[in-house]
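Subject: Structure handover

Hello,

Here is the structure for your files. My notes on what turned up in it follow below.

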Amino acid sequence: MENVTFTNGEVIRTGEVSGDVSESDMRRIQIRETILSHFEKEEKLFNMGIKSLSLFFIDEVSKYRQYDADGNEVLGEYGKMFEEEYLNVLNDYITVFDTPYQKYLKSMCSDVSAVHKGYFSIDKKTGRSINSQLKRGSEFSDDISAYDLILKNKERLLSFDEPTRFIFSHSALREGWDNPNVFQICTLKHSDSQTAKRQEVGRGLRLCVNQHGNRMDAESCGDSVHDINMLTVIASESYKGFVADLQSDIKTVLYDRPTTAGSEYFKGKYVKVDGTPTLIDSNTADAIEFYLISNGYVDMKRKVTDKYRTDVKMGTVAPLPEGIRSMAEGIHALIQSVYDDSVLKDMFSDGHETKVKENPLNENFAKAEFQALWKQINHKYAYTVEFDSNELIRKSIAHINEKLFVSELQYTTTIGRQKSQMDEYEVSRGDSFVRESSGTYRLSHTQTSQIKYDLIGKIAEGTVLTRKTVAAILKGLRADKLYMFKNNPEEFISKVIKLIKEQKATMIVEHISYNQLEGEYDSNIFTAEKSAQSFDKAFRANKAIQDYVFTDGSAEKSIERRFVEDLDAAKEVCVYAKLPKGFHIPTPVGNYSPDWAIAFYEGTVKHIFFVAETKGTMESLNLRPIEQAKISCAKKLFNEMSTSNVKYHDVDSYQNLLNVMKTL
């Protein structure tokens, strides 16, 4: 799924964060890294007579500049971030030396606003910039001078006399704007366009010019041309994701279907052997090339010959060498694709397409044994619990003071470089970038979140406690623990909630009681949930109420996988169900959904009806307090309070279930 649309119309795409301090912090980090990259290159370029520019792409003009009630221009979120981070970085680069570059920097210290400008779409009638996503008249800027400078007067923009070195743009792509001296591109925007990434990067893929307008090409720079004309892209996505997408874009544009069948063409590709994708390595690729040469199937330039085409039509193609004969079908498809790419269509399938569309209830659901079990457990409950609030407050304060640690926000930057020389095969394999380094840093200048936190309310909501109780707990914390809220508000709230709930969990079990409510679960809860796993990873069951059972992951040796295999094969078992998450028991520390409902044949075991929880360990000390409390509540409901014949326990194997059953 690429995005989620909420009922209020808001859309959140994969990788985005909404309503969280992290979104603001991410943009600040990108702006800071762009400025750092700019300064790292600028002095060297300055001494060569080359002016460095940095370009920011933004998704809303208002994030760079806004207007007050009187129509006066004020900085937006990104504009403020830029000026704050620019001054911080500038202070690190200003020295006591009086070099030409230092004079250049110091000449612009008096007015930070002069070093950055915004270029946005221009209303032809008014000459004022507008946000193209808004109706005309809703957001104007008296920015005709910036428009002239950036779009029309490139000579001045590239002069050291002009202080503008950082440009913010919303729609430069549509205007066709580009500049040869853009050395940094920062994407402070989200885009659904498949071509946007390549187009944005394309704004900086130009040979730069010096103060005399001369191109810094191989003729004038020699071997250093690649070092000088190096574009740095500061992306909001992961390094891996950005590189993969960019290489895919490059491949789409630059990589035509191969016309030769040499070893490089085959190397790194996959073919299916008995249904399993198998890599063609260097040795195998060389063996294929030798086979083609030996049989006259390629010429000196490795072009596929008429002889190969004829043998394919006649069905008389020479057999491949013994060591690679199992790959024959895939190899010949690759060879034929050199002159007919339609043969590759059958080699690919949609990996997201499920092999079985539905997993409906089967005839086992209608069995009398399961219907009797379902009637016993198909109830909804409400709980009541009483405990000493003062005791909870004391224990929570001590627990939080001992266990709470909130990390300061950090970020990781990864730096990679595209190879100066590469071929279409490296682009196709995704090997055209070299990862050089990465580093993790503390976010020292975190802007105060624009979200106003109701600290007491959030914790009260998460712990199901009164505001008064939560306030008493927070008031009792050590000052250094309470101060951690400033470092990372979201993490502070979530961890305090968790620690308080752990203390609640240790106190509730002895004092909880359940009351049965009116209402039952509909049978469609078994089919309403759709598993993220593909059906080929599911267990094909015989005794379950659905044909396919999805366990916790696809690992063959997982606890659930082994349990269901033994359950399905056991002679004592009549019918069983993997209970869905929609079937749950309320507890003070969250709803709890057991794993299995099992109906045994009468006379084979002590208890005919059983509800089980499969766990990887039977050591209660190894279970988390909240998880342990939920299990304890379920035991109390089924084994002590309920009048049904159902028993409940947590187990780690089918044999363990049989052993536990004897003790209940």
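Helix α21 (residues 489–508) and helix α24 (residues 625–641) cross at roughly 35°, with axes that come within 8 Å. Axes here are lines fitted to C-alpha atoms, for helices over the stretch in contact, and angles run from 0 to 180 degrees between N-to-C directions. The crossing of α21 and α24 is left-handed (the near helix is turned anticlockwise from the far one by less than a right angle; clockwise would be right-handed). On the α21 side the contact (heavy atoms within 4.5 Å) is made by Lys498, Lys501, Glu502, Ala505 and Ile508, and on the α24 side by Pro625, Ile626, Ala629 and Cys633. By class, the contact of α21 with α24 has 6 nonpolar, no polar and 3 charged residues. For these classes, Ala, Val, Leu, Ile, Met, Phe, Trp, Tyr, Cys and Pro count as nonpolar, Asp, Glu, Lys and Arg as charged, and the others, Gly among them, as polar.

The model is predicted: local features need pLDDT of at least 70 and side-chain atom pairs count only at pLDDT 80 or more, while totals for chains, interfaces and linings use all residues. Residues are numbered from 1 along each chain as its sequence is written, and side-chain values use heavy atoms, with hydrogens and water left out.

The crossing of α18 and α19 is right-handed. Leu455, Ile456, Gly457, Ile459, Ala460 and Thr463 in α18 meet Arg467, Val470, Ala471 and Leu474 in α19. That contact of α18 with α19 has 7 nonpolar, 2 polar and 1 charged residues.

Val209 sits in the loop between α7 (196–202) and α8 (218–221). Its relative accessibility is 9%, so Val209 counts as buried (under 20% relative accessible area, 1.4 Å probe, protein chains only). Leaving aside residues up to four places away in sequence, Val209 touches Ile50, Leu158, Pro180, Asn181, Asn214 and Arg215. The C-alpha atoms of Val209 and Gly49 are separated by 8.7 Å, though the two residues are 160 apart along the chain.

For the chain overall, there are 25 helices and 23 strands (DSSP runs numbered from the N terminus: helices H or I, at least four residues; strands E, at least two). Of its 664 residues, 45% count as buried. Among contacts with a separation of 6 or more, 69% are between residues 24 or more positions apart.

Regards

Note on methods:
Buried means under 20% relative accessible area, exposed over 50%, partly exposed in between (1.4 Å probe, protein chains only).
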